[in-house]
Amino acid sequence: MPTAPVTTPSPTPPIFTSDNTAGVSPEIVRAVAAAAGGQDLPYGADRHTASARARFAEIFERDVDILPVSTGSAANALSLAALTPPWGSVLCHRDSHVNTDECGAPEFFTGGAKLVPLPGDDARIDPEALRAAATRKAGDVHSVQPSALSLSQATETGALYTPGQVRALARTAKDAGLRVHMDGARFANAVAALGCTPAELTWRAGVDVLSFGATKNGGMTADAVVVFDRSLTRELSFRAKRAGQLTAKTRFHSAQLDAYLTDGLWLRNAAHANAMAERLGTGLKALPGAELVHTAEANILFCRLPRPVVDQLLAEGFAFYHDRWEPGVCRFVTSFSTTERDVDTFLAAVRRLTA
């Protein structure tokens with residue numbers, strides 16, 4: 001297990017609503033400060049963007065193009081817009097972020113393409129459901145045309161697609177003429193947990209475009225679109241400009257991404273977040289009245305707790321989402337800055353309330 005990153009203690013009671021509540025890795029803060037000195041070319045022609053692109057090429061073991069963006073929503077919506085015509089459809093899991101938490105951004109940026117939600121356990125797309133949807137009404141001018149497959153890695157329940165699962169789903173999609181997008185808001189957590197290479201989990205398995213998340217895992221204000229099918233780069237570049245995502249001082253986004261990928265920081269942060277979720281899950285399983293709903297494969301876990309316990313935890317200042325999925329079901333997300341003390345403080349409170 002990689003050494004846990006050094007972080008300042010978080011205030012107690014700890015926050016488990018999301019990993020985007022965490023701060024920023026010191027290495028990234030220093031990189032942004034360094035980029036603030038002197039002058040450099042604008043709009044991605046700077047040395048920091050060139051360095052970041054080289055690091056992406058190194059970790060993915062091939063030449064790639066990158067578009068630094070300010071949000072994961074922008075990365076997802078722009079990617080899907082480049083893959084899907086207005087009369088097309090995006091096949092995704094019914095619980096995927098693009099379907100439930102983007103406020104219609106994919107539909108807006110594609111010019112009206114339809115999201116087609118598919119079933120599957122643990123927010124992973126069921127292969128048979130995909131096989132049926134990938135060719136449904138293909139060629140019928142009265143229907144939207146299946147155009148893209150979008151996979152979330154990790155999924156909204158914290159489950160993971162293995163490289164083999166990605167490959168099988170991508171093959172089904174491509175056999176039907178669809179392109180493949182991966183929402184990698186927590187891509188680092190997946191790579192750290194699975195122990196595979198980034199290439200094995202993406203382009204070697206058939207992924208054309210990746211929304212690469214950094215903000216949830218130690219970044220400040222930057223995510224990226226990683227383009228494996230470089231025939232899409234020109235269109236994506238124009239779409240990014242039109243969407244207000246081509247920043248004049250792109251170097252400040254790129255400096256974050258460059259530092260994030262340097263010396264394995266992204267994987268150390270993710271491994272630590274995953275380890276804290278595992279610690280939390282192990283502790284909850286040992287407590288009476290607590291029932292894990294999903295196995296934590298990355299840094300997200302769901303647990304069913306008695307209503308009085310939930311109410312008291314919230315009253316004591318612990319922060320987590322609850323009742324958004326089922327009554328009594330709570331979601332806990334750990335981050336690179338979550339400490340063992342955070343986890344143990346929460347477990348002690350649950351133990352006290354369920355004793």
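This tour goes through a predicted model, one selection at a time.

**Before you start**

Residues are numbered from 1 along each chain as its sequence is written, and side-chain values use heavy atoms, with hydrogens and water left out. Because this is a predicted model, local features need a pLDDT of at least 70 and side-chain atom pairs count only at pLDDT 80 or more, while totals for chains, interfaces and linings use all residues.

Colour the chain by pLDDT, the predictor's confidence in each residue, from 0 to 100. The mean for the protein is 95, and 97% of its residues reach 70 or more. Over residues 6-10, however, the pLDDT is below 50, and this stretch has 5 contacts in the model beyond near neighbours in sequence, a contact being heavy atoms within 4.5 Å.

**Stop 1: the sheet of seven strands**

Helices (H or I, at least four residues) and strands (E, at least two) are DSSP runs, numbered from the N terminus, and two strands pair if DSSP finds at least two bridges between them. Select β1 to β7: these 7 strands form an open sheet with mixed pairing, in the order β1-β7-β6-β5-β4-β2-β3. Its edge strands are β1 and β3 (114-118), each of which pairs on one side only. Neighbouring strands are turned by 20° against each other on average, direction ignored; axes here are lines fitted to C-alpha atoms, for helices over the stretch in contact, and angles run from 0 to 180 degrees between N-to-C directions.

**Stop 2: β4, β5 and the helix between them**

Now select β4, whose residues are 145-152. All 8 of the 8 residues of β4 are buried, so this strand is largely enclosed by the rest of the structure; buried means under 20% relative accessible area, exposed over 50%, and partly exposed in between (1.4 Å probe, protein chains only). Strand β2 (residues 88-93) runs parallel to β4 and is joined to it by 4 bridges, and the bridge partner of G88 in β4 is Q145.

β4 also pairs with β5 in the parallel sense, over 5 bridges. To follow this pairing, show A148, which stands opposite R179 in β5, and L149, which stands opposite V180 in β5. In β5 itself, 5 of the 6 residues are buried, so this strand too is largely enclosed by the rest of the structure. β5 then pairs with strand β6 (residues 209-212) in the parallel sense over 4 bridges, where M182 stands opposite L210 in β6.

Together, β4, α7 and β5 make a right-handed β-α-β unit; a crossover is right-handed if, with the strands pointing away from the viewer, the path from the first strand over the helix to the second runs clockwise.

**Stop 3: helix α10**

Next, select helix α10 (residues 233-242), where T233, L236 and A240 are buried. Seen down the axis of α10, its buried residues fall within an arc of 60°, so they line one face of the helix; the arc is that of the directions from the helix axis to the C-beta atoms. The cover over these buried residues includes β1 (65-69), α3 (72-83) and β7 (223-227). On the face turned away from the buried side, show the exposed residues R234, F238 and R242. Just after α10, G244 takes a positive phi of about 75°.

**Stop 4: the sheet of four strands**

Move to β8, β9, β10 and β11: these 4 strands form an open sheet with antiparallel pairing, in the order β8-β9-β11-β10. The edge strands are β8 (291-292) and β10 (321-322), each pairing on one side only. β10 and strand β11 (residues 329-333) run antiparallel and are joined by 2 bridges, and Y321 stands opposite R331 in β11.

**Stop 5: A349**

Finally, select A349 in helix α14 (residues 340-354). At 2% relative accessibility, A349 counts as buried. Leaving aside its neighbours within four places in sequence, A349 is in contact with L313, E316 and F318. If you draw a C-alpha to C-alpha distance from A349 to E316, the two are 9.2 Å apart in space, although 33 residues apart in sequence.
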